[in-house]
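Subject: Structure for your files, with notes

Hello,

Here is the structure I said I would pass on.

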Amino acid sequence: MFRRERSIPLRGSAAALCNNLSVLQLPVRNLTHFGVVHGPSAQLLSAAPEGVPLAQRQLQAKEGAGVSPPLITQVHWCVLPFRVLLVLTSHRGIQMYESDGSVMVYWHALDAGDASLVQAVFARGIAASGHFICVGMWSGRVLVFDIPAKGPNIVLSEELAGHQTPITDIATEPAQGQDCVADMVTADDSGLLCVWQSGPEFKLLTRIPGFGVPCPSVQLWQGTVAAGYGNGQVRLYEASTGTLHVQIDAHARAICALDLAPELLSAAEDTFVHIWQLSRSPEGGYIEVEHCHGECVPDTQVCGARFCDPSGSSFAVTGYDLAEILRFSSM
């Protein structure tokens, strides 16, 4: 069971975007960082365990070419083996900062040359894999950036082509050392999932077809893809083969966020956040799912939800037209 804790105030509402909350825990300093997007800016907040806000910073989208102010689509902390970078994506480009947002170390402008006149240009979907940061594009491509141990010498090393519609989300998990390990999954607006093996050259292992609805959020758990869809379903697939293990009719409306730590958290536009226990049967190896907790956020269009610690003992929720981050912790 979870109970409501002290909320963290925001300067404005979170934008109505899926996956609109990023969390970075700093155990050494006993702090948690939160990142939320609204319009052309991103709010970064630091809070103590009891929810007392200690610092705030506001980052603006870099203008680039264009007349109107660019809108930020996502903010996400990427934890690499040797450093942590904060990544912002927008309608103009990709911005990478030191983890506290104090210094921008890299800027990649989007090239709208291959977009049609009616097509929106943006980047969306951010994840770290080894010493790479992967960012999704409106075109369906995924850009792979090679990140040095320090400094700004970031290089665009590869572009992955597996999707035909805009990327919605990217998830990774550390490779376990097996051959042909599936350690990254990308999702798009058509519901298609592509499973990749990362490395000096990324390799496409599996394509899991969509079924007519978008897939706004994905996660990877022990070689299993957890995908949240626009019809409220959560589906669990074997990453290496694409075999469907479990289908959960989890929500009444579109899912906007999934997270893992070690339970699975799902949040949707039906105002509910659910927590699910995932396990593998020791006999047959098949996946078992048990519902652990459901939390209603009344009269709120939920747009982001994340666990706040690796044990999954607390989580945070953002909503459109809600000028605070809601916090819940286990009793």
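Predicted model: local features only at pLDDT ≥ 70, side-chain atom pairs only at ≥ 80, totals over all residues.

Residues are numbered from 1 along each chain as its sequence is written, and side-chain values use heavy atoms, with hydrogens and water left out.

Sheets

Strands here are DSSP runs (E, at least two residues), numbered from the N terminus. Two strands count as paired if DSSP finds at least two bridges between them.

Strand β17 (residues 193–197) runs antiparallel to β18 and is joined to it by five bridges, with Val195 opposite Thr206 of β18.

Another open sheet of four strands has the order β23-β24-β25-β26, also with antiparallel pairing. Here β23 (255–260) and β26 (287–296) are at the edges with a single partner strand each, so one side of each is left without a neighbour in the sheet. The twist in this sheet averages 20 degrees from one strand to the next. Four bridges pair β24 (residues 264–268) with β25 (residues 272–280) in the antiparallel sense; Ser266 has His274 in β25 as its bridge partner.

The loop between β23 and β24 holds Pro262. The peptide bond joining Ala261 and Pro262 is cis, with omega about -20 degrees. Most peptide bonds are trans.

Hairpin

β7 and β8 form a hairpin with four residues between them. Seven bridges join β7 to strand β8 (residues 84–90), and the two run antiparallel. Trp77 stands opposite Leu86 in β8. Seven of the eight residues of β7 (residues 72–79) are buried, so this strand is largely enclosed by the rest of the structure. Buried means under 20% relative accessible area, exposed over 50%, and partly exposed in between (1.4 Å probe, protein chains only).

Glu295 lies in strand β26. Glu295 is buried but has no salt bridge, and the nearest side chain of opposite charge, Arg4, is 7.1 Å away. A salt bridge needs a side-chain nitrogen of Lys or Arg within 4 Å of a carboxyl oxygen of Asp or Glu. For charge, Lys and Arg count as positive and Asp and Glu as negative; His and the chain ends are not counted.

Phe145 is in strand β13 (residues 141–146). Phe145 counts as buried because its relative accessibility is 0%. Leaving aside neighbours within four places in sequence, its contacts (heavy atoms within 4.5 Å) include Ile94, Tyr106, Phe132 and Leu156.

Positive phi

Most residues other than glycine have a negative phi. Asn19, not a glycine, has a positive phi of about 60 degrees. Asn19 lies in the loop between β2 (8–9) and β3 (22–26), and counts as buried at 4% relative accessibility. Gln222 also has a positive phi, near 50 degrees, and is in the loop between β19 (217–221) and β20 (224–228).

Regards

How values were computed. Axes fitted to C-alpha atoms, helices over the stretch in contact; angles between N-to-C directions.
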